[in-house]
Amino acid sequence: MNLLFVCSRNKWRSPTAEAVYKNHKDINVKSAGTSSSARVGLSAKTVIWADIIFVMEKKHRQQILERYSAESQHKTIIILDIPDVYRFMDPELIEDIRSSVDSYLEL
(Lines give C-alpha, C1' and ligand atoms only; values in the text may rest on other atoms or scores of the structure.)
Protein backbone atom coordinates (compact mmCIF):
# COMPACT_ATOMS: atom_id res chain seq x y z
CA MET A 1 0.00 0.00 0.00
CA ASN A 2 1.32 3.43 -0.97
CA LEU A 3 0.53 6.25 1.47
CA LEU A 4 1.07 9.92 0.71
CA PHE A 5 0.99 12.54 3.46
CA VAL A 6 0.49 16.16 2.42
CA CYS A 7 0.82 19.45 4.27
CA SER A 8 1.81 22.93 3.09
CA ARG A 9 5.60 23.17 3.27
CA ASN A 10 6.52 19.52 3.88
CA LYS A 11 8.51 20.65 6.88
CA TRP A 12 6.85 19.31 10.05
CA ARG A 13 3.51 17.53 9.76
CA SER A 14 3.79 15.39 6.64
CA PRO A 15 7.48 14.44 7.21
CA THR A 16 6.54 13.38 10.75
CA ALA A 17 3.78 11.16 9.37
CA GLU A 18 6.21 9.73 6.83
CA ALA A 19 8.70 8.94 9.62
CA VAL A 20 5.99 7.29 11.75
CA TYR A 21 4.91 4.88 9.00
CA LYS A 22 8.08 4.35 6.95
CA ASN A 23 9.09 1.08 8.64
CA HIS A 24 5.69 -0.62 8.66
CA LYS A 25 5.45 -3.88 6.77
CA ASP A 26 3.58 -3.69 3.45
CA ILE A 27 3.46 0.13 3.55
CA ASN A 28 5.37 2.49 1.27
CA VAL A 29 5.20 6.10 2.32
CA LYS A 30 6.06 9.53 0.95
CA SER A 31 5.32 13.08 2.00
CA ALA A 32 4.97 16.31 0.04
CA GLY A 33 3.85 19.90 0.36
CA THR A 34 1.44 22.00 -1.67
CA SER A 35 3.37 25.28 -1.32
CA SER A 36 5.89 26.44 -3.90
CA SER A 37 8.34 26.71 -0.98
CA ALA A 38 7.79 23.08 0.10
CA ARG A 39 10.85 21.00 0.94
CA VAL A 40 9.44 18.26 -1.34
CA GLY A 41 6.75 19.55 -3.67
CA LEU A 42 3.63 17.65 -4.59
CA SER A 43 3.56 16.36 -8.17
CA ALA A 44 1.19 14.54 -10.50
CA LYS A 45 3.55 11.55 -10.38
CA THR A 46 3.29 11.38 -6.58
CA VAL A 47 -0.50 11.65 -6.66
CA ILE A 48 -0.67 8.80 -9.20
CA TRP A 49 1.70 6.69 -7.05
CA ALA A 50 -0.47 6.96 -3.92
CA ASP A 51 -3.20 4.50 -2.98
CA ILE A 52 -4.38 6.71 -0.12
CA ILE A 53 -3.64 10.40 0.32
CA PHE A 54 -3.79 11.86 3.82
CA VAL A 55 -3.94 15.66 3.95
CA MET A 56 -3.47 17.70 7.09
CA GLU A 57 -6.13 20.31 6.28
CA LYS A 58 -9.16 20.73 4.05
CA LYS A 59 -7.31 23.29 1.91
CA HIS A 60 -4.72 20.66 0.94
CA ARG A 61 -7.44 18.37 -0.41
CA GLN A 62 -8.88 21.25 -2.41
CA GLN A 63 -5.46 22.12 -3.85
CA ILE A 64 -4.90 18.52 -4.95
CA LEU A 65 -8.32 18.35 -6.60
CA GLU A 66 -7.72 21.65 -8.42
CA ARG A 67 -4.12 21.06 -9.53
CA TYR A 68 -4.32 17.33 -10.23
CA SER A 69 -7.96 16.75 -11.10
CA ALA A 70 -7.34 13.88 -13.53
CA GLU A 71 -4.72 12.18 -11.36
CA SER A 72 -6.81 12.43 -8.18
CA GLN A 73 -10.15 11.50 -9.74
CA HIS A 74 -10.36 8.00 -8.23
CA LYS A 75 -8.13 8.56 -5.20
CA THR A 76 -9.11 8.29 -1.58
CA ILE A 77 -8.18 11.61 0.06
CA ILE A 78 -8.60 11.75 3.82
CA ILE A 79 -8.56 15.02 5.75
CA LEU A 80 -6.80 14.55 9.10
CA ASP A 81 -7.66 18.04 10.37
CA ILE A 82 -4.27 18.55 12.03
CA PRO A 83 -3.39 22.26 12.34
CA ASP A 84 0.05 23.71 11.63
CA VAL A 85 1.03 24.19 15.27
CA TYR A 86 3.62 21.43 15.73
CA ARG A 87 7.32 20.86 15.14
CA PHE A 88 8.85 17.80 13.48
CA MET A 89 8.32 14.63 15.56
CA ASP A 90 6.40 16.48 18.30
CA PRO A 91 4.97 13.71 20.54
CA GLU A 92 1.48 15.24 20.41
CA LEU A 93 1.66 15.44 16.61
CA ILE A 94 2.69 11.78 16.44
CA GLU A 95 -0.26 10.83 18.64
CA ASP A 96 -2.67 12.90 16.51
CA ILE A 97 -1.38 11.25 13.35
CA ARG A 98 -1.54 7.72 14.73
CA SER A 99 -5.00 8.14 16.22
CA SER A 100 -6.31 9.44 12.89
CA VAL A 101 -4.46 7.21 10.42
CA ASP A 102 -4.24 3.77 12.10
CA SER A 103 -7.93 3.02 11.71
CA TYR A 104 -7.61 3.34 7.92
CA LEU A 105 -4.67 0.94 7.82
CA GLU A 106 -6.02 -1.89 9.99
CA LEU A 107 -2.86 -1.83 12.15
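Analyst: Helices and strands are DSSP runs numbered from the N terminus, where a helix is H or I over at least four residues and a strand is E over at least two. This is a predicted model, in which local features need pLDDT of at least 70 and side-chain atom pairs count only at pLDDT 80 or more, while totals for chains, interfaces and linings use all residues. Residues are numbered from 1 along each chain as its sequence is written, and side-chain values use heavy atoms, with hydrogens and water left out.

User: Okay, backbone first. Where is methionine 89, and what is its phi?

Analyst: Methionine 89 sits in the loop between β4 and α4, and although it is not a glycine, its phi is positive, at about 60 degrees. For background, most residues other than glycine have a negative phi. Methionine 89 is partly exposed, with 33% relative accessibility; here buried means under 20% relative accessible area, exposed means over 50%, and partly exposed is in between, using a 1.4 Å probe and protein chains only.

User: And aspartate 26, buried or exposed?

Analyst: Aspartate 26 is exposed, at 60% relative accessibility. It belongs to the loop between α1 and β2, and it too is a non-glycine residue with a positive phi, of about 65 degrees.

User: Switching to charges: how many salt bridges are there?

Analyst: There are three salt bridges, counting a side-chain nitrogen of Lys or Arg within 4 Å of a carboxyl oxygen of Asp or Glu. One of them joins the side chains of arginine 9 and aspartate 84, with an N to O distance of 3.9 Å. That pair connects distant parts of the chain, 75 residues apart, since arginine 9 is in the loop between β1 (2-7) and α1 (13-21) and aspartate 84 is in the loop between β4 (76-79) and α4 (91-105). Arginine 9 is partly exposed at 33% relative accessible area, and aspartate 84 is also partly exposed, at 37%.

User: What does arginine 13 pair with?

Analyst: Arginine 13 forms a salt bridge with glutamate 57, whose closest N and O atoms are 2.7 Å apart. Glutamate 57 lies in the loop between β3 (52-55) and α3 (58-67) while arginine 13 is in helix α1, so the bridge ties together parts 44 residues apart in sequence. Glutamate 57 is partly exposed at 21% relative accessibility, whereas arginine 13 is buried at 2%. Arginine 13 also meets aspartate 84 in a salt bridge, at 3.9 Å from N to O, and this pair ties together parts that are 71 residues apart in sequence. Through shared partners, the salt bridges join Arg9, Arg13, Glu57 and Asp84 into one network.

User: Back to the helix then. How many residues of α1 are buried, and what covers them?

Analyst: Seven of the nine residues of α1 are buried, so the helix is largely enclosed by the rest of the structure. The buried residues are Arg13, Ser14, Pro15, Thr16, Ala17, Val20 and Tyr21, and what covers them includes β1, β2 (28-33), α3 and α4, where contact means heavy atoms within 4.5 Å.

User: How many aromatic pairs are there?

Analyst: The structure holds three aromatic pairs. Among them, phenylalanine 5 and tyrosine 21 are stacked, 5.8 Å centre to centre with 15 degrees between the planes. Rings of Phe, Tyr and Trp (its six-membered ring) pair if their centres lie within 6.5 Å, and planes under 30 degrees apart count as stacked, over 60 as edge-to-face and the rest as tilted.

User: Which elements hold phenylalanine 5 and tyrosine 21?

Analyst: Phenylalanine 5 is in strand β1 and tyrosine 21 in helix α1, so their pairing ties together parts 16 residues apart in sequence. Both phenylalanine 5 and tyrosine 21 are buried. Another pair, phenylalanine 54 with tyrosine 104, is edge-to-face at 5.8 Å centre to centre and 65 degrees between the planes; it links strand β3 to helix α4 across 50 residues. Phenylalanine 54 is buried at 0% relative accessible area, whereas tyrosine 104 is partly exposed at 42%. Ring pairs link Phe5, Tyr21, Phe54 and Tyr104 into a cluster.

User: Last one: which ring does the charged end of lysine 30 sit over?

Analyst: The charged end of lysine 30 sits over the ring of tryptophan 49, 4.5 Å from its centre, and that of arginine 9 sits over the ring of tryptophan 12, 5.3 Å from its centre. A charge counts as over a ring if NZ of Lys or CZ of Arg is within 6 Å of the ring centre and within 35 degrees of the ring normal.
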